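Good morning, and thank you for making the time.

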Amino acid sequence: MRTPDFLPIEFVIVGGAISGLTAAIALSRVGHKVTVLELMDSFDETPMGAGCRIPPNATKLFYRWGMEERLRKCSVKSRGVLFAQYSSGSVVGSHEWEEDVLEETGGDFLLMHYSDLRRILAESAAEHGAVLRGGCQVVSIEPDTQRPYVTLASGEVVTGDVIVGADGCHVPPYHCRRIILEALGQEDKETPTGMQLFNVIVPDSALKEFEDKDLVDRLRQTGNVFTWFGPGYGALGFPVKEPTTGDPLFTLFVYSAYQEKDLFIAPAGREQLLRSLEGRDPRLIQLASHARDIVCIPMIERPYLEDWVHPRGRVLAIGEAAHPIPAGSIYALGMAAGDAAVLGRLFSHLHRKDQIDSFLNAIPEIRADRVERVLRAAAGNIFAVSLPPGVAEARDRALRERAERGIQELAARKGSLGGVGAETSEEMMQAIEKIFAYDPEDEADNWWVQWGLMQERAARMVVSDAVTVHVNEDLQEESD
């Protein structure tokens, strides 16, 4: 709830993808003036967009902010995960999310087309009063302790009280990340992992040709995420809906070795995808042979920013501009939403401009360790549903063995109990408690109670002392 002395200020957000639009909602809904600058002309369609997975820690925020009905209409609710060998396709384990367990998170696992998610977020941001400007090519960002500004290719200069860099790290020039790295003297070291991700859309007609009708029914009706795994490679497959018609589609994330020299995201051909699948599960190859839209994303490790706030003032990086996450990971979206939620919650308490810097510096203080803790907790935990087992852990034997033990446990449980999910494992509860039940707005509230109010009391004491000194001086002058 906004306090009577709330001070609205101007935010300029560079980047109109998930982190930028979520930040626009979080800030505008509490009363701030927000302008989003996006390179693409439209927020309704997203070139090279495919399927995405939204974790419960993100959906509960979106539900709370009034988007539940629209999200449910355009998505498929994920019910569980099936694990299959990458080479043969033999299902060796499965897991269904129990409703009472998901209730603890306050959200759902949703599967949907990225274009629909981005459109819904843009609609919500506009409804809350944010100004969304497409076709804006940013050429520079200039930090300042009072009024930082953005210069566009047209020559226009857009100023604000705070610049929020939500322009990512995957597609150059990612201005915000670059200028903070340069100011910190931090090297932007890009380390190829030797892996690539094919992000693929497959029409529903491909599923109709499957002889394994039981598998098709399970994929369509229950929203299962089908996970193929192997040592150092794998794939994810899940159902989504066509953005314009709502017709069923299927998304594939295929991870394989990457041999090319170019490290840019680009459209790919079906032949390139099929070559990466030689000798793999015939059903996976059959799906890939019907691929409609294919994008190849080289998997590159990039460093987290050592500080998310520019040292010269009032430019903040959030999302993957601050903390790059492996391509295709479910956590990129969840972490971006969390950053935005903390930003909005802290600035709901703003009533003096001298609080701005304190709030900006509190965001990485609250979020940076959280991001690293989540990725550590997810590594090797099959219930964390980040990447296929064997991909994220390819270069870490201990984590790979942990993931393999988790799948073996599922298989053993299925064989001995005649069903899956008869008891909740410690690994699953760890994923729920440490990752998906987390509420970033609660964390921001905790910071405000522990530190923000203390700073307010200190500021009032300083003002009070200054007034007392001034009054005493006046009295002394009168007595003289």
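Let me begin with a definition: a residue is called buried when its relative accessible area is under 20%, exposed when over 50%, and partly exposed in between, with a 1.4 Å probe and protein chains only. What you see is a predicted model, in which local features need pLDDT of at least 70 and side-chain atom pairs count only at pLDDT 80 or more, while totals for chains, interfaces and linings use all residues. Residues are numbered from 1 along each chain as its sequence is written, and side-chain values use heavy atoms, with hydrogens and water left out.

First, the overall picture. The protein has 15 helices and 19 strands; these are DSSP runs numbered from the N terminus, helices being H or I of at least four residues and strands E of at least two. Of the 480 residues in the protein, 53% are buried. By contact I mean heavy atoms within 4.5 Å. Taking the contacts between residues at least 6 apart in sequence, 75% join residues at least 24 apart.

I turn now to two helix pairs. Axes here are lines fitted to C-alpha atoms, for helices over the stretch in contact, and angles run from 0 to 180 degrees between N-to-C directions. Angles under 35 degrees count as roughly parallel, over 145 as roughly antiparallel, 65 to 115 as roughly perpendicular, and the rest as oblique. A crossing is left-handed if the near helix is turned anticlockwise from the far one by less than a right angle, and right-handed if clockwise.

The axes of α1, residues 18–28, and α5, residues 114–127, come within 9 Å and cross at roughly 25°. The two helices α1 and α5 are therefore roughly parallel. The crossing of α1 past α5 is left-handed. On the α1 side the contact is made by I18, L21, T22, A24, I25 and S28, and on the α5 side by Y114, L117, R118, L121, A122, S124 and A125. By class, these divide into nine nonpolar, three polar and one charged residue. For that count, Ala, Val, Leu, Ile, Met, Phe, Trp, Tyr, Cys and Pro are nonpolar, Asp, Glu, Lys and Arg are charged, and the others, Gly among them, are polar.

The second pair is α2, residues 56–64, with α11, residues 331–347; their axes come within 8 Å and cross at roughly 45°. That angle makes α2 and α11 oblique to each other. Here too, α2 passes α11 in a left-handed crossing. From α2, the residues N57, A58, L61 and F62 meet L333, G334, M335, A337, G338 and A341 of α11. This contact of α2 with α11 has seven nonpolar, three polar and no charged residues.

Let us stay with G338, which is found in α11. G338 has a relative accessible area of 3% and is therefore buried. Which residues does G338 contact, leaving aside its neighbours within four places in sequence? They are L61, R367 and P440. With P440, the C-alpha to C-alpha distance is 5.5 Å, although G338 and P440 are 102 residues apart in sequence.

Further along, S348 sits in the loop between α11 and α12. S348 has a relative accessibility of 16%, so it counts as buried. Beyond four places in sequence, S348 is in contact with F6, V30 and H32.

Next, some backbone details. P172 and P173 are joined by a cis peptide bond with omega of about 10°, and P173 lies in the loop between β12 and α6. In that loop we also find Y174, a residue other than glycine whose phi is positive, near 30°. Y174 is buried, at 13% relative accessibility.

The loop between β18 and β19 holds R314, which has a positive phi of about 60° although it is not a glycine. At 5% relative accessibility, R314 is buried. H310 lies in the loop between β18 and β19 and is buried, at 5%. Not counting residues up to four places away in sequence, H310 touches P143, I179, I180, A183 and V315.

Finally, the cysteines. How many disulfides does the structure hold? There are zero, a disulfide being a pair of cysteine sulfur atoms within 2.5 Å. C52 is buried at 8% relative accessible area, and C169 is buried at 1% relative accessibility.
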